[in-house]
Amino acid sequence: MAVVSTAAFIDSHRDATDAELAKALVETAGGLALAMRDEGLKTGRKTSVSDVVTNADMAAEEFVAGALEALRPDDGILGEEGAAKASASGRTWVIDPVDGTYNFASGSDYFCSALALVEGEVSNPARIVVSAVHRPALATTWVTHDGVAERNGRQLEQLIDAPLSHLALATYLHPTSMKNDGIRNAWLDATNSAATVRMFGAGSVDLATVASGGMGGWLQHSVADWDWLPGKALVEGAGGKAVKIDAGGVTWCVAGNHQLVDEVLAKLEQHG
């Protein structure tokens, strides 16, 4: 079994800044998950056949939470797989050890490890201090700190305004939501003028790709904090816009360049 020495990681990162620590955590967690997949996964089901969890998810989150307990003892922790600790500092680390678990468990490389450090209420933070997203299969890491988004240490170019009709929209709509008239109609109106639509199934990878200019925008409803905050910070750090709006009976997250986002918001507002 792949082994990560949490004690050694802690010793070597005692003086790390928040951004340095975030980067190291996602790279180590993502590498651990990939190594465990290569050795053979144990997979269980959560709420449906497409909502799964693996032993790699659990091990990666255990590592991240253990490191943070030692290195940032006053900060809170909120993890997708159950890690939870109240904050004494007003700051909380929001962890997604493996984002895109269905992809990951199926052998796809479209997955990542992601996290965000926020100040204030997690679901509506006053500030995202840092965020990090790591795609282990591509050895690519995005980090946001001090309002600047970087990929592999290089600052991302600022997103340029362009209409939805000229760009690809990354999105996701679960088959069960397609049966809901309010959700389906809102989604159709928001997407039907895009140059093309793509569904990949890993929100943080999608959002990092949007921030890098590889995809025009992103749209999804009922997004968990750990699937939204890391990528939201990246898009905003690249000069884009990342906001929420209620429509069709649910809350949607929309991200991309300002012009595209405003177009999508205008369409969704008709279903508010």
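Modeller: Trp-218 and Trp-228 are both buried, where buried means under 20% relative accessible area with a 1.4 Å probe and protein chains only. This is a predicted model, in which local features need pLDDT of at least 70, side-chain atom pairs count only at pLDDT 80 or more, and totals for chains, interfaces and linings use all residues. Residues are numbered from 1 along each chain as its sequence is written, and side-chain values use heavy atoms, with hydrogens and water left out.

The structure holds 4 aromatic pairs. One of them is formed by Trp-218 and Trp-228: it is stacked, at 6.0 Å centre to centre and 20° between the planes. Rings of Phe, Tyr and Trp (its six-membered ring) pair if their centres lie within 6.5 Å, and planes under 30 degrees apart count as stacked. The pair links distant parts of the chain, 10 residues apart: Trp-218 sits in strand β13 (residues 217-221), Trp-228 in helix α8 (residues 225-237). Helices (H or I, at least four residues) and strands (E, at least two) are DSSP runs, numbered from the N terminus.

Now the sheet. Its 5 strands run in the order β12-β11-β13-β15-β14; the sheet is open, with mixed pairing. Strands pair if DSSP finds at least two bridges between them. The edge strands, β12 (196-198) and β14 (241-247), each pair on one side only. β13 and β15 (residues 250-256) run antiparallel, joined by 5 bridges. Leu-219 has Val-254 in β15 as its bridge partner. Helix α8 packs on the sheet, touching β13, β14 and β15; contact means heavy atoms within 4.5 Å.

Definitions and conventions. Rings of Phe, Tyr and Trp (its six-membered ring) pair if their centres lie within 6.5 Å; planes under 30 degrees apart count as stacked, over 60 as edge-to-face and the rest as tilted. Buried means under 20% relative accessible area, exposed over 50%, partly exposed in between (1.4 Å probe, protein chains only). Axes are lines fitted to C-alpha atoms, for helices over the stretch in contact, and angles run from 0 to 180 degrees between N-to-C directions.
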